[in-house]
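Please keep the sequence and the coordinates in view while reading.

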Amino acid sequence: MTAMDGSSHSEDRTEEGSGARQAIAVQVRGLVKSFGSGETTVTVLKGIDLDVYFGELLLLVGESGGGKTTLLSAIAGILDIDAGELAVLGASLTNMSPGTRTRFRGQTMGFIYQQFNLLPALTAAENVAIPLLIQGTRKKEAISRGRLMLERVGLGDRTEFLPRNLSGGQQQRVAIARALVNEPQLLVCDEPTAALDGPNGQKIMELIRDVGRAPDRCVIVVTHDSRIFQFGDRMAELTDGRIVGIHPIQREATA
Amino acid sequence: MNYVALRMLFGDRAKYLMLLCGLTFAVMLIVQQGSIFWGLMIWSQSSISNLNVPIWVTDPGIAQVDEVKPIADTTVDRVRSIPGVEWAVPLYKGLLRARLANGEYHQITLTGLDAATLIGRPAEVLEGRFEDLRQPDAVALDQWAVERMGGPTVITVGTVFELNDKLARVVAIAKTQKTFTNIPVVYTTYERALRYVPRERRTLSYVLAKAKDGALVDEVIQRIRDHTGLGAFTADAFGWKTIGWVLKNTGIGINFGTTILLGFVVGMAIAGQTFYLFTVENLRQFGALKAMGASTATLARMILLQAFTVGITGYGVGIGLATVFGLLTAQEGQLPFLETWPLLLLVFVALLMICTLSALISIIKLARLEPAIVFR
């Protein structure tokens with residue numbers, strides 16, 4: 001039985017060097033996605049095959065319009081696909097009803113966006129608490145856990161600040177805390193450093209690497225910022241809707 | 001997520017205030033216009049309610065209380081003879097001109113009451129004694145007559161004026177509810193009223209009656225109709241008949257209805273547009289919530305909570321402002337303004353409709369929203 005059948009991650013790989021087995025967190029086979037209709041149809045993903053393993057940070061890179069964000073959206077279950085198979089954390093997203101998929105996302109995934117997407121009227125702690133509130137956690141407990149998570153990302157002294165009173169880097173830290181507060185197994189990040197300057201981008205990626213990469217978690221980051229490539233374990237390059245190369249990142253060379 | 005919804009609503013103060021203003025304006029306009037309309041309708045049947053008698057016997061073709069169609073003088077005795085009738089008295093009602101000592105003329109409504117019982121007299125007397133109507137040439141006025149005819153310096157208890165070249169002396173001033181036409185009302189006895197007015201073959205305007213205790217009023221009314229071939233109504237039914245006539249023949253219903261509808265449409269437009277803008281501007285945030293696992297139903301509940309919160313606040317503020325308007329402008333019955341609970345209930349239902357429809361536009365937008373928008 002494979003992940004496509006909805007069972008647990010059974011297809012593993014042997015980690016280079018250590019010999020340890022790594023379970024598959026995300027398995028994509030023959031994924032096709034088009035936009036528009038008739039003569040204006042544009043096929044953005046043209047048969048993608050990809051495996052993402054627990055414990056790794058995968059970078060999706062490539063030219064603009066290559067399909068990186070579309071692939072990330074499909075993996076996150078927020079975009080319907082036209083063809084192919086998609087298994088995430090052992091469950092087939094292809095066969096899930098929209099409602100089940102929404103619940104599944106809430107329970108298993110964390111999101112980090114380029115524009116942070118914090119609610120401007122809510123304090124940092126309240127923003128972090130949102131995924132818990134969506135899951136039905138009581139407000140007091142959710143905000144309390146939000147504060148703890150903010151301490152973990154270095155913003156323990158900014159819990160009651162509104163987003164407009166935080167710098168871009170601090171806002172992204174809040175977004176990271178929000179993405180992690182419900183202990184997701186899959187962290188999806190879309191250009192997390194695009195709105196930040198170089199040093200802040202580096203710090204944010206260090207944070208994502210430190211808090212996001214764990215044996216029971218995997219992180220997928222869409223980026224075209226070559227300065228942060230060093231934080232990934234592997235890099236998948238998309239061009240014109242196809243993966244043209246997947247290769248490990250040599251840390252010694254990039255550090 | 002209710003907490004998040006309310007924080008989102010109150011966090012965008014400009015939009016919240018705009019929404020609140022729109023809904024408050026709509027509620028205030030509907031309540032204010034509705035109250036004035038209803039006040040006017042109540043005024044239109046004041047000639048009935050001011051007399052406070054249970055049964056009115058009229059010409060069978062009567063349309064409304066101010067359109068007097070005289071009936072045979074023998075009708076009073078015929079009604080008295082009908083089983084179930086406790087008493088029946090005559091009433092004269094007609095228009096006449098009064099000439100004051102200063103030479104001014106005023107059109108008045110002359111009301112002639114049964115001299116023995118004075119049934120139909122106003123309940124509250126402000127000056128003088130209503131019983132003095134039995135004295136020679138005695139008349140009583142309502143307070144609006146004093147106001148219309150020049151005020152207390154011109155006409156008061158003891159003042160003498162002429163009705164159709166015959167002497168009339170004011171013995172009492174009574175408090176009544178203003179009438180739709182606001183023509184001064186002059187009370188006197190039935191017999192004296194007939195002396196004031198030009199001679200006609202038929203002079204009896206109405207017969208006022210009461211059913212015996214224990215008798216069913218509807219049955220007695222039907223018996224009066226059957227025995228006399230005349231019209232007979234309870235005071236309420238005659239009042240509604242008069243209101244119906246005013247609505248049908250004056251266009252007042254259309255005028256006020258249009259304004260009330262305008263209030264509804266303006267409220268709907270402002271609330272709908274502002275809500276839609278609020279949703280569109282927060283689309284990425286809503287998309288983010290969807291991506292994080294918030295279902296469309298959750299977002300719909302958030303939107304509805306926001307809509308009803310601002311709606312109920314606007315309802316309270318709007319009614320408060322309309323009431324203050326009523327208190328300031330309708331003091332002492334100068335302007336028709338009658339705020340009733342059925343009106344407030346209707347406005348509440350209208351407001352719920354405005355809020356629901358406004359929210360629905362946003363909910364449809366959110367239902368179609370792909371959470372992938374957050375990655376664009």
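In chain A, buried residues account for 49% of the 255 residues; a residue is termed buried if 20 or more other C-beta atoms lie within 10 Å of its own, exposed if 12 or fewer, and partly exposed in between, with C-beta atoms placed from the backbone. This is a predicted model, in which local features need pLDDT of at least 70 and side-chain atom pairs count only at pLDDT 80 or more, whereas totals for chains, interfaces and linings use all residues. Residues are numbered from 1 along each chain as its sequence is written, while chains are lettered from A and ligands numbered from 1 in the order in which they are written. The model scores ipTM 0.79 and pTM 0.75. For chain B the mean pLDDT (the predictor's confidence in each residue, from 0 to 100) is 89, and 99% of the residues reach 70 or more.

Chain A contains seven helices and 11 strands; helices (H or I, at least four residues) and strands (E, at least two) are DSSP runs, numbered from the N terminus. Of the contacts in chain A between residues at least 6 apart in sequence, 66% join residues at least 24 apart, where contact requires that the C-beta atoms of two residues, placed from the backbone, lie within 7 Å. Helix α1 of chain A, residues 68-75, is mostly covered, with eight of its eight residues buried. Among them are A:K68, A:T69 and A:I75. After α1(A) comes A:G77, which has a positive phi near 75°.

A:I75 also belongs to the largest nonpolar core, which has 120 residues; A:I75, A:L60, A:V188, A:I220 and B:V27 touch the most other members. Such a core is a set of buried Ala, Val, Leu, Ile, Met, Phe, Trp, Tyr and Cys residues joined through C-beta atoms within 7 Å. The largest share of this core, nine residues, is contributed by α2(B). Not counting residues up to four places away in sequence, A:I75 touches A:V26, A:V28, A:L86, A:V88, A:V188 and A:I220. A second, separate core of 57 residues includes B:V57, B:A193, B:L204 and B:L230.

How many residues does each chain give to the contact between chain B and chain A? Chain B supplies 22 residues and chain A supplies 28 residues. On the side of chain B that touches chain A, the elements giving two or more residues are α1 (2-11) and α10 of chain B. The residues on that side comprise 13 nonpolar, five polar and four charged; Ala, Val, Leu, Ile, Met, Phe, Trp, Tyr, Cys and Pro count as nonpolar, Asp, Glu, Lys and Arg as charged, and the others, Gly among them, as polar.

Chain B is assigned domain 1 (2-43 + 251-375) and domain 2 (72-229), with bounds that come from an automatic or database domain assignment. The C-alpha centres of these two domains of chain B lie 49 Å apart.

Helix α12 of chain B (residues 341-367) has 27 residues and reaches 37 Å from its first C-alpha to its last, close to the 39 Å expected at 1.5 Å a residue; the expected span is 1.5 Å times one less than the number of residues. The buried residues of α12(B) include B:V347, B:L351, B:I354, B:S358 and B:L366. An α-helix has 3.6 residues a turn, so residues three or four places apart point the same way. The cover over the buried residues of α12(B) includes α2 (13-44), α9 (252-281), α10 (283-291) and α11 (296-329) of chain B.

Helix α2 of chain B also holds B:Q33. Why does B:Q33 count as buried? B:Q33 is buried because 20 other C-beta atoms lie within 10 Å. Leaving aside neighbours within four places in sequence, B:Q33 is in contact with B:F256, B:T259, B:I260 and B:G263. B:Q33 and B:G257 are 224 residues apart in sequence, yet 8.7 Å apart in space, C-alpha to C-alpha.

B:T75 lies in helix α4 (residues 75-80) of chain B and is buried, with 22 other C-beta atoms within 10 Å. Apart from neighbours within four places in sequence, B:T75 is in contact with B:V57, B:L204, B:V207, B:T228 and B:L230.
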